[in-house]
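Biologist: I have a new structure open and would like to learn how to read it. Could you walk me through its features, one at a time?

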Amino acid sequence: AGGSAKDLQREFRKFSAHPLEQSESIHNSKEDPRSMSRHVACSDCHNVHTVRAAATQDRSVSAHAPEGVRGISSSGSRLAQANFAYEVCYNCHGMAEPARPAVVRRDPVGNTRAKFDPANASFHPVVSPGKNQEITGLEPGFTSSSTIGCTDCHNSDSLGGTRGPHGSIYEPILEREYQLQDPNPESYKAYSLCYKCHNRAVLLSGQSAFPHKLHVVDQQASCAVCHDAHGSRDNTRLINFMTRGKNGSTVVSASSSGRLEYQTTGRSQGRCYLRCHGSDHEGKSFPVSSQRMVTR
């Protein structure tokens, strides 16, 4: 690549990157994602005969330049031509559980295709618009009907540089910082990936339906403690409690009655059974203001 702005070698040398050097040589043009050993090569995402530059941003494959690339559908079927970018990602991230999950959750599923399933209780709107049509507090340009693409989160951290999920200083190949560490002091930078879409001022104010300020600012709980960023099979609002953190330490555990669960009890209302940060939530309810929940 010519010029530093398109220096792909630099991208792949970053802290978090697709490990091309470890697996490029084992790629087979006839491989089946449903049975192949997990690896990544340039040709898994790009077809050198059809690639072209694209000026627009949307979630279709053509907008992100990997035309002529095979994929996996939401149902798990093999596609000779992927129609959406997430179908290309599913070649590796939608067929099996990750070998080394970053954190452990109450529902430990890590397969991205399973998390984005539109039949789930909640999910970020990649495959289809989200189910919470009453969501508020979004940044301009986003509505309850919006959809986003994988590269809205997983992208180069270099603004104005090489576009695409090649490498980043933030893992796992994130465009902006998203702290999984708990406890962690709240700041715009620490959760700048969340604040790209969700207005920070609204989220941490009394306009927020749930006490985010109490948890994220006062108790320094990471957003990731409660919310599973891709989706939750069991709960609304992406709630899937983190039970063990990146360093293996316990984060959320069962309440005094042995329960570990979240219940939706009504419109913008919920109840938690858990122990976290030394506090026992034994059916602790969260009454809300007249404003609705900001988190999807």
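Biologist: Let's start inside. How many nonpolar, polar and charged residues are in the lining of the largest cavity?

Modeller: Before the count, please keep in mind that this is a predicted model. The lining of the largest cavity has three nonpolar, four polar and two charged residues. The residues that line the largest cavity are Leu180, Gln181, Asp182, Met242, Gly245, Lys246, Asn247, Ser249 and Val251. The space in the largest cavity comes to about 40 Å³.

Biologist: How many cavities of 30 Å³ or more does a search of the whole structure find?

Modeller: The search finds two. The second largest cavity has a volume of about 30 Å³. Its lining is made up of Arg106, Asp107, Ser232, Arg233, Asp234, Asn235, Ile239 and Asn240. Sorted by class, the lining of the second largest cavity has one nonpolar, three polar and four charged residues.

Biologist: Let's turn to charges. How many salt bridges are found in the whole structure?

Modeller: First the general idea: side chains of opposite charge can pair when their charged atoms come close. In this structure, the search finds 14 salt bridges. One of them joins aspartate 228 and lysine 115, with the closest N and O atoms 2.9 Å apart.

Biologist: Why does the pair of aspartate 228 and lysine 115 tie together parts that are apart in sequence?

Modeller: Look at where each partner sits. Aspartate 228 is in the loop between helix H9 (223–226) and E7, while lysine 115 belongs to helix H5 (residues 112–115), so the pair ties together parts that are 113 residues apart in sequence.

Biologist: Is aspartate 228 buried or exposed?

Modeller: The cut-off to remember is that buried means under 20% relative accessible area. Aspartate 228 has a relative accessible area of 4%, so this residue is buried. Lysine 115 also counts as buried, because its relative accessibility is 8%.

Biologist: Which residue forms a salt bridge with glutamate 171?

Modeller: The partner is lysine 246, and the closest N and O atoms of this pair are 2.8 Å apart. Glutamate 171 counts as partly exposed at 37% relative accessibility, and lysine 246 counts as partly exposed at 45%.

Biologist: Which residues do salt bridges that share partners join into one network?

Modeller: They join Arg10, Glu11, Lys14 and Asp157. Within this group, the side chains of glutamate 11 and arginine 10 meet in a salt bridge of 3.7 Å, N to O. Glutamate 11 is buried, with a relative accessible area of 0%, whereas arginine 10 counts as partly exposed at 30%.

Biologist: Now the backbone. Which residue does a cis peptide bond join to proline 172?

Modeller: To read this feature, look at the omega angle of the bond. The cis peptide bond joins glutamate 171 and proline 172, with omega about -5°. Proline 172 lies in the loop between strand E6 (167–168) and helix H6 (192–195). Another cis peptide bond joins aspartate 182 and proline 183, with omega about 0°. Proline 183 is found in the loop between E6 and H6 as well.

Biologist: One last feature, contacts. Which residues is leucine 260 in contact with, leaving aside its neighbours within four places in sequence?

Modeller: The contacts of leucine 260 are Arg106, Phe241, Thr243, Val252, Ser253, Ala254, Tyr273 and Leu274, with those neighbours left aside. Leucine 260 is in the loop between E9 and strand E10 (261–266), and is buried, with a relative accessible area of 18%.

Definitions and conventions. Residues are numbered from 1 along each chain as its sequence is written. This is a predicted model: local features need pLDDT of at least 70, side-chain atom pairs count only at pLDDT 80 or more; totals for chains, interfaces and linings use all residues. Side-chain values use heavy atoms; hydrogens and water are left out. Helices (H or I, at least four residues) and strands (E, at least two) are DSSP runs, numbered from the N terminus. A salt bridge is a side-chain nitrogen of Lys or Arg within 4 Å of a carboxyl oxygen of Asp or Glu. Buried means under 20% relative accessible area, exposed over 50%, partly exposed in between (1.4 Å probe, protein chains only). Contact means heavy atoms within 4.5 Å. On a 1 Å grid over the protein atoms alone, a cavity is a set of points where a 1.4 Å probe fits but cannot get out, and a pocket is an open set with protein on both sides within 12 Å along at least five of seven lines; lining residues have an atom within 4 Å of a point. Grid points are joined across faces, edges and corners, and a volume is the space filled by probe spheres set on the points. Ala, Val, Leu, Ile, Met, Phe, Trp, Tyr, Cys and Pro count as nonpolar, Asp, Glu, Lys and Arg as charged, and the others, Gly among them, as polar.
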